[in-house]
Amino acid sequence: MGRVHSHAIAVAGGEVAGIAGSSPERAREAADSLRAAEVFDDTDELIAAADVVHICTPNHLHAPLALAAIAAGKHVVCEKPLATDAATAQAMTEAAREAGVVASVPFVYRFHPMVREARARVAAGEVGRLTLAHGSYLQDWLLRPEDDNWRVDADKGGALRAFGDIGSHWCDLLEFVTGDRITAVSAQLAKANATRGGREVATEDIVTLQFVTDGGMVGSTVVSQVSAGRKNRLFLEVSGSRATVAFDQEQPETLWL
Ligand SMILES: NC(=O)c1ccc[n+]([C@@H]2O[C@H](COP(=O)([O-])OP(=O)(O)OC[C@H]3O[C@@H](n4cnc5c(N)ncnc54)[C@H](O)[C@@H]3O)[C@@H](O)[C@H]2O)c1
């Protein structure tokens, strides 16, 4: 994601003042392709020099790096999932509010024009009183037992893997489009592969989830990283008393009404 952020910074007219990586050597290797003006030996040096700190590391480092940046009075763009547990995410949110810095999580699907269209139509009352939302977020890049990544390990990715990695996007999109907040959930977690890379896996491949929202909607979603043939199939459908809107991230120029 460092590459994606670096591109976005350039497009927005900003400058990547510097980068830090898992080691100074790794950061030096990446400096040209990330358009970095400087390479810092560690993240403390980077935070001291930055106006805005972008955090594109594995998930377990989001909280310590974001809190250090906020404590130094720096604005923060922190990748999702914000933290690996809810209490830490809450503490980060409060720290940013108290420090008066801008703090943001790049939930990128919010920026599809058709997602904006769906949100505008809901806000204008065209969908009516919201009653039901459902959908899924399906991928297949962890289908096989030999497929592996730092996300699989709870100490780096967090105890909830598929949900934290992509379920967080689905829930954010639901709340962004409808303006409702999810207030209660009931979920099942399942593993398709008990071992990966010769070790036991503690994190889930599949989540099925039911929820209710503060606006009175009920709904469900399915999150999977082991759905053969599905690459990045984020689908959200919201129904109300007057209409239904549906968005499919793999057909992003179309909104089904
Ligand atoms: N918003 C989105 O749509 C989206 C998409 C993909 C990934 N992400 C998020 O971005 C983050 C990174 O994911 P990725 O797929 O790019 O992972 P990645 O493994 O490709 O990259 C992680 C980078 O962090 C660096 N790193 C590790 N430890 C570090 C440290 N101590 N200090 C500085 N750098 C360190 C690694 O060298 C590596 O370059 C994750 O939190 C992920 O959830 C978000």
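Strands β4 and β9 run parallel and are joined by 7 bridges. Within this pair, alanine 133 stands opposite glycine 219 of β9. The model described here is a predicted one. As a general principle, the strands of a sheet pair through backbone hydrogen bonds, and the pairing may be parallel or antiparallel. Both senses of pairing can be followed in what comes next.

On β9 there is a further pairing, with β8. These two strands are antiparallel and share 7 bridges. Valine 212 has valine 218, in β9, as its bridge partner. The two strands form a hairpin in which 4 residues lie between them. Glycine 216, in the turn of this hairpin, has a positive phi of about 95°.

Which order do the strands of the open sheet of 7 strands follow? The order is β5-β8-β9-β4-β10-β11-β12, and the pairing is mixed. At the edges stand β5, residues 182-190, and β12, residues 255-256, each of which pairs on one side only. The strand that pairs with β12 is β11, which covers residues 244-248; the two are antiparallel and share 2 bridges. Here alanine 246 stands opposite tryptophan 256 in β12.

Helix α8, formed by residues 162-178, lies across β4, β5, β8, β9, β10 and β11. Its direction makes an angle of about 30° with β10, the strand of residues 233-240.

A second sheet is also present. It is an open sheet of 3 strands in the order β1-β2-β3, with parallel pairing. Its edge strands are β1, residues 52-55, and β3, residues 103-104, and each pairs on one side only. Strands β2 and β3 run parallel and are joined by 2 bridges. Valine 77 stands opposite serine 104, which lies in β3.

In general, most residues other than glycine have a negative phi, and most peptide bonds are trans. Where does proline 81 lie? Proline 81 is found in the loop between β2, residues 75-78, and α5, residues 86-99. The peptide bond that joins lysine 80 to proline 81 is cis, with omega about -10°. The other place is arginine 35, in the loop between α2, residues 24-30, and α3, residues 43-49. Arginine 35 is not glycine, yet its phi is positive, near 55°.

Lysine 80 leads on to the ligand. Of the 21 residues around the ligand, Met1, Asn59, His62, Lys80 and Trp150 come nearest. By class, this shell consists of 9 nonpolar, 7 polar and 5 charged residues.

Several atoms of the protein can be traced to particular atoms of the ligand. For asparagine 59, a polar side-chain atom lies 2.6 Å from an oxygen atom of the ligand. For threonine 57, a backbone N or O atom lies 3.2 Å from an oxygen atom of the ligand. For proline 106, a backbone N or O atom lies 3.1 Å from a nitrogen atom of the ligand. How much of the ligand's area does the protein bury? Taken alone, the ligand exposes 850 Å², and the protein buries 72% of that.

Notes: Residues are numbered from 1 along each chain as its sequence is written. This is a predicted model: local features need pLDDT of at least 70, side-chain atom pairs count only at pLDDT 80 or more; totals for chains, interfaces and linings use all residues. Side-chain values use heavy atoms; hydrogens and water are left out. Two strands pair if DSSP finds at least two bridges between them. Contact means heavy atoms within 4.5 Å. Axes are lines fitted to C-alpha atoms, for helices over the stretch in contact, and angles run from 0 to 180 degrees between N-to-C directions. A residue is near a molecule or strand if one of its heavy atoms lies within 4 Å of it. A polar contact is a pair of N or O atoms within 3.5 Å; within protein, one must be able to donate a hydrogen and the other to accept it, and residues adjacent in sequence count only if both atoms are side-chain atoms. Accessible areas come from the Shrake-Rupley method with a 1.4 Å probe; for residues, only the protein chains shown count as cover. Ala, Val, Leu, Ile, Met, Phe, Trp, Tyr, Cys and Pro count as nonpolar, Asp, Glu, Lys and Arg as charged, and the others, Gly among them, as polar.
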